[in-house]
Amino acid sequence: MKFSRVIASSAMALIAASQVAHAQVAEGSRLNTVLERGSLLCSGHNGSFLGFAEVDDQGNWRGVDIDLCKALAAGLFGTSEGNLEIVPISWAQRWPSLQSGDIDVVIKVSGWTQSRDTELNLAYSRPYFIGAFQTMARVDLGANSMADLAGGTICVAAGTSTERATATYLDTHKIDAEMLTFENGDELRNSYYEGRCDGLVEWAPSLAAGRVDAPDGADAHAILSDVIALEAEGIIVPEGDPDWLDVQNWMLSSLWFAEMEGITSENVDEVRANPPSATVGTFLGVNPGYGARLGLPDDWAYNMIKEVGNFAEIYERNIGSGSPYNLPRGINNLYNAGGVFYPMIID
Amino acid sequence: MTDLSMQHTLSFKTVKKHYFATPLNSAITVLLAVFTAWVLWGLFNWAFLDAIWGYGKNEECRTHEDGACWSFVATRWRIVLFGLYPFEEQWRSALACIVMLVVAILSCVPVFWSAKRLPTLWVIGFATFYILMRGGVLGLTPVVERDWGGLSLTVFIFAAVCLLGMPLSIIFALLRRSEMPWIARTMALVIDVIRSLPLLSIMFTFAIVLPFVLPDWAIGDKLYRVIIGYAIFFACYQAEIIRGGMQALPAGQEEAAKALGMGYWNRVGYVVLPQAFRNALPPTINQFVITFKETSLVTIIGFFDILASGRAAAGTADWSFATIEMYVFVGLIFFVFVFSLSRYGAYLEHRLNVGSR
């Protein structure tokens, strides 16, 4: 970076800093409630949902959703240790529990649908995960995409939106493959593993979870990159609480920003001691403003990254290459790596 | 009704008479015996000979398809039994469970069957259980109710529901049989309404809808709301069982007590209820068994009862193949409890001579 630019951006940062005012957090915001309580009540699961919320040998929660809860708690309080309560709830219970205050936020791979957004009075953050419906095929077929499965058989669950989407996808891409439908999920998977079909279409994390138990080993099966249909999973807060929603959105943005800048849980201290740009300095709380505007401490993003790492670390640790599921990140990558995610601008 | 004292003696003669009387009879017997032996042998093979034992052998289990993988239980049993209870504190959960079992066993011993001893025993047992689980006193770290889980949660819910529900059901039954028509009719309506609702919806209402309606001070923890809801549900069914027992009494019993100048409470306490309970014993035990099994419904409202913690134990990439072993393990625990409950019921029936009057 040119010296003059450094001076220019530092000057800008100084001007910006002088304008920083503490955010006015609305009186009734859940953000205040949480800060006063001193702990965050986050959604867990009644049992386990592979890769997103599971329980280890010691009874501790782990998973993508759990790590996001930890990140949020670390951002709010400096560390999630002692400030985070994972409340086990069922799928059916998540909306009423949020409204009644049993939990402060729902982070539970929940798709953004119109009825939830409008009729249930829920507010969605920007999506943090794209639940894509993808195809799994045996590695020895040598297929790289759906087009390579032409002339083969593809298994899907009968009467689901997946079936319709798969048919449309095959039609529009002029792929001539036979579709075989099954009513029962186990039957569907067994037929695939027994070799009755060349491809199996399901929600990608379920494919990855099922692949772990494949009779011929997980390595014998690959998940193709084609996205047949997708569901955008977001963080949910009650409607009419913009301050609390802002915190969710900026938490996600921060995790992606850190990934973009190559800031990880390991090098965050070095980067903070010697920020490469004024923006990164602001981001990590060296310069004031990044937290105060949200009503949080300025080093909130630093605390988050320090504890759970950037989004790539969260992903790889729980469902990506660092986990038994080994689900390729694909569409869940940052935009510059072929995905749909991006950080917002820090000014 | 079968005579409990009748016993089949297994001698060569009776065997021949019952199972090998005709050639067809013999053929069927042999066929069924072979089939049973084959099934049992397969089961034995799966559960013992081909099984994998020992800690943390999930990789071995994954490639091994013939036998059971008890390594799952060896590795993850603490999740199944204690759920999300803090790992270092799980001895408390175990101890609490044992205390509850001891109390339950003691209260089955006739020595404790008095109006003073039984309640004292249960109050002490319950208080010990609660202090151990909840902590916060005597140097025990506090553990909030939502972290309770596994067997001790199941036992706690069951015991609390029965303890609250039993007295409540007696009150319901007496009100239902009140001579004042309005009270009797209202109670009948209440009982019928609650009985016509599914238990699941009652639990859901008490756990999730009630906080919207109640004032803040009355909300309490979700666990206790659910227990109260469940106890009311239990009481409605049990009240009808007790009423059945009361109605089986000849009217002369109560009239005779009246003629002797006994007051209402004496009549109910010394004449009606003891006999009603004796009559209602078999369906009461049945109701207990059903209640124990239905505690697993609390998983729907986010509690880590033993079934939910079983699913959590198998719900990780390392062990996701071990669902059968998990259900067998949880099933065995349920079996031990329910079977001892029904054997105890049979013992009581025998002792009180319910079968023959």
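Student: How do you know that B:Arg195 and B:Asp192 are separated by about one helical turn?

Tutor: In this predicted model, both residues lie in helix α8 of chain B, which covers residues 181–195, and they are three residues apart, so about one helical turn separates them. An α-helix has 3.6 residues a turn, so residues three or four places apart point the same way.

Student: What makes the contact of B:Arg195 and B:Asp192 a salt bridge?

Tutor: Their side chains meet with N and O 3.3 Å apart, and because the cut-off between a side-chain nitrogen of Lys or Arg and a carboxyl oxygen of Asp or Glu is 4 Å, the pair is counted as a salt bridge.

Student: Why is B:Arg195 called partly exposed?

Tutor: The relative accessible area of B:Arg195 is 30%, and since buried means under 20% and exposed means over 50%, this value belongs in between. B:Asp192, at 39%, likewise counts as partly exposed.

Student: How do you know that B:Arg195 and B:Glu240 form a salt bridge?

Tutor: The closest N and O atoms of this pair are 3.8 Å apart, which is within the 4 Å cut-off. The pair links distant parts of the chain, for B:Arg195 is in helix α8 and B:Glu240 is in helix α10 of chain B, 45 residues apart. B:Glu240 has a relative accessibility of 16% and counts as buried, because the limit for that word is under 20%. Both of these salt bridges belong to a network that links B:Arg176, B:Asp192, B:Arg195, B:Glu240 and B:Arg243.

Student: Why is α10(B) described as largely enclosed by the rest of the structure?

Tutor: Of the 26 residues of α10(B), 20 are buried, and therefore the helix is largely enclosed. From its first C-alpha to its last, α10(B) reaches 38 Å, close to the 38 Å expected at 1.5 Å a residue.

Student: Which parts of chain A does the salt bridge of A:Glu202 and A:Arg189 tie together?

Tutor: The closest N and O atoms of A:Glu202 and A:Arg189 are 3.1 Å apart. A:Glu202 lies in strand β10 and A:Arg189 in helix α7, so the bridge ties together parts that are 13 residues apart in sequence. A:Glu202 is buried at 13%, whereas A:Arg189 is partly exposed at 28%.

Conventions: Residues are numbered from 1 along each chain as its sequence is written. Chains are lettered from A and ligands numbered from 1 in the order in which they are written. This is a predicted model: local features need pLDDT of at least 70, side-chain atom pairs count only at pLDDT 80 or more; totals for chains, interfaces and linings use all residues. Side-chain values use heavy atoms; hydrogens and water are left out. Helices (H or I, at least four residues) and strands (E, at least two) are DSSP runs, numbered from the N terminus. Buried means under 20% relative accessible area, exposed over 50%, partly exposed in between (1.4 Å probe, protein chains only). The expected span of a helix is 1.5 Å times one less than its number of residues.
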